[in-house]
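Dear colleague,

I am passing on the structure below, together with notes on what was found in it. Please read the notes with the model open beside them.

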Amino acid sequence: MCCRLTHRSGDTPDIMNDTTYMPALLACKLPASSKKQVLQELSDIAGAETGVCQRAILSALVTREKLGTTAVGNGIAMPHATVDQLQQTTILVASLDQPVDFDSPDGRPVDIVSIVLGAPESQGSYLGAIRFVTDSLNQNADAIRGAQNIAQLEAAMAASREAAA
């Protein structure tokens with residue numbers, strides 16, 4: 001299943017959903033100007049695709065973020081949380097149209113964000129997904145940043161999947 005929203009005048013990011021692909025959700029050149037807006041936009045996308053209330057997702061991500069920044073350095077952030085209503089682990093990787101401050105330990109603004117949402121019953125899958133995404137983003141950060149559309153972003157993520165195999 002593939003869901004594409006066309007990028008139009010900076011209003012809507014390119015989005016792809018393919019449940020055979022990990023990560024299942026990709027957003028290219030997401031327009032956002034703050035950490036709060038990034039979390040809101042990603043929660044909206046994840047909620048629309050999973051059928052889980054966007055506010056529940058946002059609340060879980062904000063609660064986790066209050067414990068400490070999920071920025072890992074090198075312009076990458078990995079907000080993650082478990083969400084009671086989820087049935088399976090969900091991953092969304094997004095490149096941002098412009099870098100935003102995410103309280104990164106290296107002080108660098110973030111331009112790649114991946115949210116990992118776990119179902120309470122699938123902690124092993126959730127933790128494995130965090131490890132996979134961390135490795136993937138670190139290995140392919142330049143290609144992800146250079147992606148100008150969803151096909152290029154998908155190719156960058158596919159390269160990391162092949163490297164992991």
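Leu42 touches Leu30, Leu92, Ala94, Val113 and Ile115, leaving aside residues up to four places away in sequence, where a contact means heavy atoms within 4.5 Å. This is a predicted model, in which local features need pLDDT of at least 70 and side-chain atom pairs count only at pLDDT 80 or more, while totals for chains, interfaces and linings use all residues. Residues are numbered from 1 along each chain as its sequence is written, and side-chain values use heavy atoms, with hydrogens and water left out.

Leu42 is also one of the residues that touch the most other members of the largest nonpolar core, which has 29 residues; the others are Val38, Leu92, Phe102, Val113 and Leu117. A nonpolar core here is a set of buried Ala, Val, Leu, Ile, Met, Phe, Trp, Tyr and Cys residues joined through side-chain atoms within 4.5 Å, and buried means under 20% relative accessible area (exposed is over 50%, partly exposed in between; 1.4 Å probe, protein chains only). Two or more residues of this core come from each of strand 2 (25–30), helix 1 (35–50), helix 2 (54–67), strand 6 (90–100) and strand 7 (110–118), and helix 1 gives the most, with five residues. Helices (H or I, at least four residues) and strands (E, at least two) are DSSP runs, numbered from the N terminus. Apart from this core lies another, of 21 residues, among them Ile76, Val116, Tyr126 and Ile144.

Strand 7 deserves a paragraph of its own. Nine of its nine residues are buried, and strand 7 pairs with strand 6 in the antiparallel sense over seven bridges, with Val93 having Ser114 as its bridge partner in strand 7; two strands count as paired if DSSP finds at least two bridges between them. Strand 5 (residues 80–82) pairs with strand 7 in the parallel sense over three bridges, and there Thr82 has Gly118 as its partner.

Of its 165 residues, 50% count as buried, and residues 24 or more positions apart account for 61% of the contacts with a separation of 6 or more.

With best regards
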